[in-house]
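Colleague: I have just opened this entry and would like to go through some of its contacts. Could we begin with a polar one?

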Amino acid sequence: KYVVEDAVAEKFQKVPMVRNFAWLTVGTSSKVTNFTLDGIVLLNEPKEGTVAPYNRSTHAFMTDYKTYDYSGIVSAYSGNMLTSETFDGTVPTDADFVDPSSGVFMYERTAPTGTQAKTTIIARGKYNGETVYYKIDLADADGYYTVYRNFHYNITITNVAKKGSATIADAIQSGGTADPTIDTEISSLDDISNGVSRLYVH
């Protein structure tokens, strides 16, 4: 009979869980009355990702990744992508859109530089009863940001000032997040769910 020593059992009481993906969801503020959101899809998301967060600055894996909150990880880690990373620039169709509250998952990606593809969200909905599309940039006042694994990016549309694009292709070519106005809340992920079953950390 094998007996697990107390010292060993204690180490397994709390096993940090770091996902390979970031989770992005979109919703609308109760103040938005001229637009009803019904679907989202990613454009130019990374096709591949790394198994573990690797810090190219220190040439070491981030073994303590789970201990950081968002502001801490931004200061300690610039994100990581494969040097040969390619992006899925396939123009989506209406069939590709998903429930905005269920959201989309994507591999970690660093902030785009130079001519590198920019990962964006295309949002679909009804503007005063008419189907339209908007491009939402993954950016803040400082520009495009790194999308980190193991974090939930909850984007809220707070204002829609004008009618969106009539087609998905037109939205892709648009200027991006000038309309609508958005607010993004970022938090660490503590559980995984597919809508039926759930895996979570106490």
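Colleague: Which backbone oxygen does the side chain of T50 reach?

Modeller: In this predicted model, the side chain of T50 comes to 3.3 Å from the backbone oxygen of A52. There is also a polar contact of 2.6 Å between the side chains of T50 and R149.

Colleague: And where is T50 found?

Modeller: T50 belongs to the loop that runs between β3 (45-46) and β4 (54-55).

Colleague: Is T50 buried or exposed?

Modeller: The relative accessible area of T50 is 16%. Buried means under 20%, so T50 is classed as buried.

Colleague: Which residues does T50 touch, leaving out those up to four places away in sequence?

Modeller: With those left out, T50 touches N20, N80, L82 and R149. R149 is also the residue whose side chain makes the 2.6 Å polar contact with the side chain of T50.

Colleague: Let us turn to the aromatic residues. How many aromatic pairs does a search of the whole structure find?

Modeller: The search gives twelve aromatic pairs. One of them is formed by Y65 and Y77, with an edge-to-face arrangement: 5.8 Å centre to centre and 85° between the planes.

Colleague: What does the pair of Y65 and Y77 tie together?

Modeller: Y65 is in the loop between β5 (60-61) and α2 (70-76), while Y77 is in the loop between α2 and β6 (87-88), so their pair ties together parts that are twelve residues apart in sequence. Both Y65 and Y77 are buried.

Colleague: How about Y145 and Y153: why is that pair stacked?

Modeller: The ring centres of Y145 and Y153 are 5.9 Å apart and the planes stand at 10°; planes under 30 degrees apart count as stacked, so this pair is stacked. Y145 counts as buried because its relative accessibility is 11%. Y153 is buried as well, with a relative accessible area of 0%.

Colleague: Which residues form the aromatic cluster with Y153?

Modeller: Y65, Y70, Y77, Y145, Y148 and F151 form one aromatic cluster with Y153.

Colleague: Where is the place of Y153, and what does Y153 touch?

Modeller: Y153 is in strand β12 (residues 151-159). Leaving out residues up to four places away in sequence, Y153 touches a list of residues including A22, W23, L24, T25, Y70, T184, E185 and I186. The C-alpha atoms of Y153 and L24 are 4.7 Å apart, although 129 residues separate Y153 and L24 along the chain.

Colleague: How many bridges join β1 to β7?

Modeller: Strand β1 (residues 21-28) is joined to β7 by four bridges, and the two run antiparallel. Within β7, F105 is the residue that W23 stands opposite.

Colleague: Where do N128 and N150 lie, and is each buried or exposed?

Modeller: N128 lies in the loop between β8 (120-127) and β9 (130-137). Its relative accessible area is 58%, so N128 is exposed. N150 has its place in the loop between β11 (143-144) and β12, and at 1% relative accessibility N150 counts as buried.

Colleague: Finally, the protein chain as a whole. How many helices and strands does it have, and what share of its residues counts as buried?

Modeller: The protein chain has three helices and 15 strands. Of its 202 residues, 38% count as buried. For contacts between residues at least 6 apart in sequence, 80% join residues at least 24 apart.

Key: Residues numbered from 1 in each chain as written. Predicted model: local features only at pLDDT ≥ 70, side-chain atom pairs only at ≥ 80, totals over all residues. Heavy atoms only, no water. Pairing = 2+ DSSP bridges. Phe/Tyr/Trp six-rings, centres within 6.5 Å; stacked < 30°, edge-to-face > 60°. Buried < 20%, exposed > 50% of the residue type's maximum accessible area, 1.4 Å probe, protein only. Polar contact = N/O pair within 3.5 Å; in protein donor to acceptor, adjacent residues only side chain to side chain. Contact = heavy atoms within 4.5 Å.
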